[in-house]
Structure formats: C-alpha cells, structure tokens
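Please keep the structure in view while reading.

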Amino acid sequence: MTQDTLSPPLIEFRSVHKHYGTVPVIRGIDLTIRRGEVVVICGPSGSGKSTLIRLVNGLERLSAGDILIDGQSTAGLDGAALRRLRTRIGFVFQQFNLYGHLTAAANIALAPRKVLGLTDAEAFRAAATLLERVGLGDKGDRYPSQLSGGQQQRVAIARALAMRPEILLFDEPTSALDPEMIGEVLAVMRSLAESKITMVVVTHEMGFARELADRVVFLDEGVVLDDAPPERFFGATGHPRAKRFLSQLLSPLHQVGG
Amino acid sequence: MGFHLDWSGVLAGAPLHWLVTGLVTTLAVTLAASLLATVLAVGLLGLRVADNRLARGAARTIVALFRDTPLLVQILFWYFAAFGLLPGGVRDWINADHPWAVLPANVPLISPEFLAATWGLGVFSAVFIAEEIRAGLQALSPGQREAALSQGFGHWSALYHVLLPQALANAYQPTVGQYLNLMKLSSLATAIGLAEITYQVRQIESFNAHAVEAFAAGTLLYLLLGVVLGRLLLAIGPSGAGGRTSEERQADARPAGEGRHGL
C-alpha cells in the first residue's frame, strides 16, 4: 500500500453524477485510483457499479462532475479526443461482445490494425502472442460461436490488451459464465493484476477481491459507502451495509432482511 | 370440345422474336435498376444510420414516400409527370436515336420508357434494400457497437469494420429477395409501354389469341430468370465472403447434402 500511495493518481472521479432522465444512478462520487492499483467495485445490483466504469471510457456521458485521466479532464470530450482516450482504456464486457464475424485472432488484431495503424503482420503476430498468454494459442482460427464462454472472455481480455492500454476496466467479467469456467478467466485476471497494470474490476467474485485487490470500493444507491483495503473491508470494522451485502453473497438462502 | 395447346403461335415467327425482345428488355431493365438500387441503397442507408437527426429524418421521409405508395403509381409518375419536367433539350436527346445504345434484339437503352422504368424500379427497390440491411443492423447486439467504440473506433469505422459485415450476412437472404422482386416488378413497366416480357405476351395474345400459350411462355421466362438470378446471388453470398452467421457456421459443421448446392 505504501507503494500505491506514492504512485500518481490515474483516474480521479470528482463529484461525479449520472442520471437517466430523472432517475439518479450515480449521486456524487469522489474516488481516486492510482497507477498500478487493482480496485474492485462491488455492491448490490442497481448500485451504479457498471455505470461508474462505463463513465470512465465515455460509454456513458457524465451528467455532472468530471473524471480526470492522468490529470486531464474528460468531461465533454468527444470526437477524435474521445477515441484517443478510449485506445488507452481497455474494456472487458460481461457478455464478451467479441466481433461475431471474425476469428479469435482477427478479433484481437482488428483495432490495432484499423485504429492504431499496425500492419496486418504485426497485429496478427501480437494477437498470437496474446492468445498464448491467455492460454488459447491453438484457438486463433475459431469463431466466437465455436468457443466456450470462458474462452470467449479470455479472447476478449486479449483483445483489450492488444491496444496496450494503461487502464483495464472489467464489467462483471465472470457473471455470464458457467461456474466451471469462472476459474480460467480469474486466472488470467490474476496474472494481469500481478503485472501491475491499473485495473478497475466490477465483480461479485469476493475471492478475487480478497486476494488481489489493493482496495475494495462498496457502492450502494449511487454513492460510495466503503473504500478500504480488503483486509479491512472483509474484517470486523467494515461498513454494516457492506457486511449485509457480503452475507447475502455468501449465503443467499439465509438473507438478512433489508 | 377438347383443349389443345398450339405452341406454333408463340414459338415461331414474329411472336418468337417478340418474346426474345421481351426477355432481353426485362434482363436489361432488371440489371440497370439493380445497379441503380444498390447505389441508392448505400446512400440511403448512410443517411438512415447517420449520427445526425436531420439526416435520419430525411431518410425516414424518403423511405415512407417510396415504400408506402404503389410502385405502379410511381412508375406512371416518373414517366408521365417527371419526364415532362425535364429540360426540353434533355427530353429531345432521350427521344433521339442512339444506335450505340441499342442491345441485340433491337432493345433501346435510352428511351423514356426504359429510363423511367429503371429509375422507378431502382428508387423503389433501394428503399426496401436499405431497410433490410438496417434491420440486419438492428438485429445485432448493442454490445458489438460498444465493443468497437471502447476500442477507439468512430461511428463510421465501427459501422464499416464491425457492424455492416455482420448486418449484411444477417440481411443477405431477404436482400436477395428484394432483387428478385425487382425483376418481377419490372412487369409493371408494361403500363408505360416498355416492351418487356409481359408487354410482349399481351401483344402475342392480341395478335393471334394464343393467350394460354403466351402467358405460359412468359411465366416460364420469369421463373427461369428468377431461379437463375436467385441461385447466382446466393452463390456469391456471405458464406463465400467475410460475414458468416452462427447458423451458417453450424450448417457448415453438419454433413453436406442440403443447402444451396443441393437445390
């Protein structure tokens, strides 16, 4: 942690608000994520977790406030500047969203070729290396529909990495997976976390949070209720609302009334 | 009284020549209007999916205008009303003889009838083709676009590299249907005197009253054109090109024996 407090801020949420029509989703969030940090964001459904990270790369527009990336304001960014920002931020979706008409290798190579301007040879060479890295070296010529959910999500992670991003955002990356496939995706995420790339992970995988997160941020109804290192978050001094959430996660059959 | 078919009144002499002329005319107007429809459909689709409210509104109006009015009325309008609004010099030029623009079987390509039919069929079909492809776009999960945007693609490059290849594969079969429709609807151009198959069949019927034989021959010609055109378009379809649907890939994984090559 001492090392993290020394590293400079990479993502700074400044009184961030987001509402859809009159429905508030994010209600004033201030949060700083430092370079190299692995931050897990958790909270009950509807708490605004996904919206929060989708605001970072402009998939959702801010209603008020600002998000600084590397000290630069991103509020109101559009056009080429927004596209440039997005190339620096990898996003991994719950539903994988691999390009359905392209093979795994072509999925990974597409944006490096068409957005970054790499040659086909460079891009496909890098794709092959990345496929090896996520344990799918032999699956480069498969179409998404020919891959299991876990394999698709690993290709999606490789696709995000192909842009050499400074930040990786994960939106419930294992929530759409069958239980036996969650492990293979978490293993890839673990190796990324250990490589010290900045990661913001929305997830219910508390094992991942406990083991690999530098901080756990607990969101409820659009505000941050707790922001603590995992030992404190999961320990005796955690926020009461977070404790109730955790007990529901761990034993859904014995929910504490809320 | 027995019922006799007498093909000599259709498949010999002047009637045979008329049928050949009709076939060439139908083929020519179908090809010309298909090309025009393709070009116009690209432009219309561009407006329809533009990142601009005004452009989308204009496209919606064009679609409504040409999709929700009868094609026969549209062809009559282009021929009788719009043609008359052209500058006199242009009309004279179109009406003049153009020996270099005459197909075999004496089918002129530059005539008010041919141009009005081509334009009318082209515009009408473009609207339907653009809408088929737009439906193919809408069938894609919004996540496809979000994934592309999150990687730094812009509106148009996401469309071009990610969305359209998949939409075209989705929409390919119904789009082929629209081109076949265009061929069949060219029969309406008989109303403005374009000497295509239907026109010639009626000419034979009034010439020697061989109505059954004439209409049978005409129907067979349309059927032949439809089958050939349909198989041709499906053969160059997306399983040979880039975009493949998951159904097609599953079909590929199944043993051969059905599908487009087994028709």
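Which residue of β4(A) stands opposite A:F13? In this predicted model, the residue opposite A:F13 is A:I67. The two strands concerned, β1 (residues 9-20) and β4 (residues 64-69) of chain A, pair in the antiparallel sense, with five bridges between them.

This pair belongs to an open sheet of four strands in chain A, ordered β2-β1-β4-β5, in which the pairing is antiparallel. At the edges of the sheet stand β2 (23-34) and β5 (72-73) of chain A; each has a single partner strand, so one side of each is left without a neighbour in the sheet. Helix α2 (residues 49-56) of chain A packs on this sheet, where it touches β1, β2 and β4 of chain A. The direction of helix α2 of chain A makes about 120 degrees with that of β1(A).

Chain A also contains an open sheet of six strands, in the order β6-β7-β8-β3-β9-β10, and here the pairing is mixed. Its edge strands are β6 and β10 (223-228) of chain A, each of which pairs on one side only. From one strand to the next, the twist averages 15 degrees. Within this order, β3 (residues 38-42) and β8 (residues 198-202) of chain A run parallel and are joined by four bridges.

The account now turns to the interface. The size of an interface is often given as the accessible area lost when the parts come together. For chain A and chain B the buried area is about 1900 Å², with 55% of it on carbon and sulfur atoms. In chain A, the residues that lose the most area to chain B are A:R86, A:Y99 and A:H101, which together account for 30% of what that side buries. The contact draws on 23 residues from chain A and 21 residues from chain B.

What polar interactions cross this interface? Between chain A and chain B, 10 residue pairs are in polar contact. The elements giving two or more residues to the side of chain A that touches chain B are α3 (79-87), β6 (89-92) and α4 (104-114) of chain A. By residue class, that side comprises 11 nonpolar, seven polar and five charged residues. One salt bridge is found across the interface of chain A and chain B. A salt bridge links A:R54 to B:E146, with the closest N and O atoms 2.6 Å apart.

Key:
Residues are numbered from 1 along each chain as its sequence is written. Chains are lettered from A and ligands numbered from 1 in the order in which they are written. This is a predicted model: local features need pLDDT of at least 70, side-chain atom pairs count only at pLDDT 80 or more; totals for chains, interfaces and linings use all residues. Side-chain values use heavy atoms; hydrogens and water are left out. Contact means heavy atoms within 4.5 Å. Buried area is the accessible area (1.4 Å probe) that two parts lose on being put together, summed over both. A salt bridge is a side-chain nitrogen of Lys or Arg within 4 Å of a carboxyl oxygen of Asp or Glu. A polar contact is a pair of N or O atoms within 3.5 Å; within protein, one must be able to donate a hydrogen and the other to accept it, and residues adjacent in sequence count only if both atoms are side-chain atoms. Ala, Val, Leu, Ile, Met, Phe, Trp, Tyr, Cys and Pro count as nonpolar, Asp, Glu, Lys and Arg as charged, and the others, Gly among them, as polar. Two strands pair if DSSP finds at least two bridges between them. Axes are lines fitted to C-alpha atoms, for helices over the stretch in contact, and angles run from 0 to 180 degrees between N-to-C directions.
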